[in-house]
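Dear colleague,

Please find the structure below.

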Amino acid sequence: MRKSALAMLVLLLAACSSGGDNKSYYQLPSPSVTTTQSMNGQTQGNRQLWVEQVSVPDYLAGNGVVYQTSDVQYVIANNNLWASPLDQQLRNTLVANLGNALPGWVVASQPLGSEQDTLNVTVTGFHGRYDGRVIVSGEWLLKHQGSLIKRPFHIELKQQEDGYDAMVKTLAQGWQQEAASIAAELNRLP
């Protein structure tokens, strides 16, 4: 009797532990990239922008999606993970969003030449929060014709649904909103 009870307990513990290991992987949705093509297939643009780097702090640089549980505490998920490094996802989607928002520009994630503007972004917040909101914050620095332009950003959006899927979609919406703000600033440059 004891052996069968012990065996049942072991099976129950094994079932519980294996059920908790279901991992979900998240990728920021990226818009389809539109480009202006010439007859020979080369992308044409009067202006050039190199998105040199999007950096994130250590707490966002890991695999786990981050959720803020109080005004001072953050949890890094063990089973809800980024499918690829967050800084790469942010950079790739920023290039795509800026490329769509800046007709006549060539926007790339590698150097384009000596006449390019250079954009660096430091993301300090990219997480969900206990009150049902998501935070997208940081600052960007643009090198344009020898001068530097620096702008902070802080976006808070309310999630429309519960869960990590909705949180990631809302974070992507906030990131796209910031890309639109950067594009508007770039369009005002001489």
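This is a predicted model: local features need pLDDT of at least 70, side-chain atom pairs count only at pLDDT 80 or more; totals for chains, interfaces and linings use all residues.

Residues are numbered from 1 along each chain as its sequence is written, and side-chain values use heavy atoms, with hydrogens and water left out.

Overall fold

The chain contains four helices and eight strands; these are DSSP runs numbered from the N terminus, with helices being H or I of at least four residues and strands being E of at least two. Read from the N terminus, the order of elements is α-β-β-α-β-β-α-β-β-β-β-α. The chain has 190 residues, of which 37% count as buried. Here buried means under 20% relative accessible area, exposed means over 50%, and partly exposed lies in between, with a 1.4 Å probe and protein chains only. Of the contacts between residues at least 6 apart in sequence, 66% join residues at least 24 apart, a contact being heavy atoms within 4.5 Å.

Aromatic pairs

There are five aromatic pairs in the structure. Rings of Phe, Tyr and Trp (its six-membered ring) pair if their centres lie within 6.5 Å; planes under 30 degrees apart count as stacked, over 60 as edge-to-face and the rest as tilted. In one of the pairs, the ring centres of tryptophan 82 and phenylalanine 126 are 6.3 Å apart and the planes stand at 45°, so this pair is tilted. Because tryptophan 82 belongs to strand S4 (residues 74-82) and phenylalanine 126 to strand S6 (residues 117-129), the pair ties together parts that are 44 residues apart in sequence. Tryptophan 82 and phenylalanine 126 are both buried.

Phenylalanine 153 and tryptophan 175 form another pair, with ring centres 6.3 Å apart and planes at 55°, so that pair is tilted as well. It links distant parts of the chain, 22 residues apart: phenylalanine 153 is in strand S8 (residues 147-158) and tryptophan 175 in helix H4 (residues 164-187). Phenylalanine 153 is buried, at a relative accessible area of 7%, and tryptophan 175 is buried at 2%. Ring pairs join Trp82, Phe126, Phe153 and Trp175 into a cluster.

Leucine 90 lies in helix H3 (residues 86-101) and counts as buried, at 0% relative accessibility. The C-alpha atoms of leucine 90 and phenylalanine 126 are 9.9 Å apart, although the two residues are 36 apart in sequence.

Helix H4 holds leucine 171, which is buried at 0% relative accessibility. Not counting residues up to four places away in sequence, leucine 171 touches Phe126, His127, Val134, Ile135 and Val136. Leucine 171 and glycine 128 are 43 residues apart in sequence and 7.9 Å apart from C-alpha to C-alpha. Threonine 170, also in helix H4, is buried at 7% relative accessibility. With the residues up to four places away again left out, threonine 170 touches Val134, Leu157, Lys158 and Gln159.

The second largest pocket

How much space lies in the second largest pocket? The volume is about 210 Å³. A pocket is an open set of points, on a 1 Å grid over the protein atoms alone, where a 1.4 Å probe fits, with protein on both sides within 12 Å along at least five of seven lines; lining residues have an atom within 4 Å of a point. Grid points are joined across faces, edges and corners, and the volume is the space filled by probe spheres set on the points.

This pocket is lined by 13 residues, and those closest to its centre are Ser114, Glu115, Gln116, Asp117 and Gln145. Strand S2 (47-55), S6 and strand S7 (133-144) each give two or more residues to the lining. By class, the lining has no nonpolar, nine polar and four charged residues. Ala, Val, Leu, Ile, Met, Phe, Trp, Tyr, Cys and Pro count as nonpolar, Asp, Glu, Lys and Arg as charged, and the others, Gly among them, as polar.

Glutamine 145 sits in the loop between S7 and S8 and is exposed, at 63% relative accessibility. Glutamine 145 has a positive phi of about 50°, although it is not a glycine.

With kind regards
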